[in-house]
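Hi,

Here is the model I promised to pass on.

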Amino acid sequence: MPLDRIAVLSDIHGVLPALEAVLAEPDVAAADRIVLTGDIAAGPQPAEVIDLLRAQGDRVLWVAGNADRELVEFRRGERDGILDPIAPFAAGALRADQVDLLASLPKSLTLDVTGLGPVLFCHATPRDDEEVVLVDSRPGRWAEVFTGLDPGVRTVVCGHTHMPYVRLAHGRLVVNPGSVGMPYGRPGAHWCLLGPGADLRVTPYDIPAAVARLVAECAYPDIAAWADYFLHARATDAEVLEQFGPRDGRC
């Protein structure tokens, strides 16, 4: 049986106050499933975020992101460092059982959703966890990242770039819910409700209070600057699109 409502949460990045705000939304509480499209823990409160998500039970379905993979590789000695400055701190803050959980996550999953049919959930693209596709990526780029995708999948939900959008690409609906914890372009905790369409949502929350809470509760040395920058979404969408643009292969 198709699922009527799915709440999609992406790129939480270990920001517990933002996650708490989204989980308190009535439409999230009433959803048949909550799907996480990766980059769950790489941030200031990784263990707390994982524990809260686990407490939601089997209605939460997990997909790994590149940042989750990097935390696991770092903790297991499979890589020497991570470019994201807060990520080594986050890796060290995880318990062994949480590292094992992140290591076990699939790279994608497919669910049947009312009004949308088979929907594929992934982090960056269906074939790779750190490729970049953007709202204005050229049709040829979308053809590349859809290579080998089951033709029955008519909707693809991805994250990774922290900016929400809905667009058509080669007859497929592409949905990016934006980021719960590290939004670019405008503040708030961004997510999406699927079924029978795709409804982009943003949950406002008390950002000054959240910044103060992270400073009080997180031992990361640069937490004040980190929280101020990312929770206030000080990176504009124009700046981020300019930075990400070359990574989608455009000239």
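The largest pocket comes out at about 770 Å³. By pocket I mean an open set of points on a 1 Å grid over the protein atoms alone, where a 1.4 Å probe fits and protein lies on both sides within 12 Å along at least five of seven lines. Points are joined across faces, edges and corners, and the volume is the space filled by probe spheres set on them. Its lining has 29 residues, with Asp-84, Met-182, Tyr-184, Phe-244 and Arg-247 nearest the centre; a lining residue has an atom within 4 Å of a point. The lining splits into 16 nonpolar, 5 polar and 8 charged residues (nonpolar is Ala, Val, Leu, Ile, Met, Phe, Trp, Tyr, Cys and Pro; charged is Asp, Glu, Lys and Arg; the others, Gly among them, are polar). Helix 4 (66-75), helix 9 (223-231) and helix 10 (237-244) each put at least two residues into that lining. Helices (H or I, at least four residues) and strands (E, at least two) are DSSP runs, numbered from the N terminus.

Before you go further: this is a predicted model, so local features need pLDDT of at least 70 and side-chain atom pairs count only at pLDDT 80 or more, while totals for chains, interfaces and linings use all residues. Residues are numbered from 1 along each chain as its sequence is written, and side-chain values use heavy atoms, with hydrogens and water left out.

Gly-195 to Pro-196 is a cis peptide bond, omega near -5°, and Pro-196 sits in the loop between strand 9 (189-194) and strand 10 (198-203). Two non-glycine residues have positive phi: Asp-11, near 50°, and Ala-233, about 55°. Asp-11 is in the loop from strand 1 (6-9) to helix 1 (16-23), and Ala-233 is in the one between helix 9 and helix 10. Asp-11 counts as buried because its relative accessibility is 0%; Ala-233, at 10%, is buried too (buried means under 20% relative accessible area, 1.4 Å probe, protein chains only).

Cheers

How values were computed. Buried means under 20% relative accessible area, exposed over 50%, partly exposed in between (1.4 Å probe, protein chains only).
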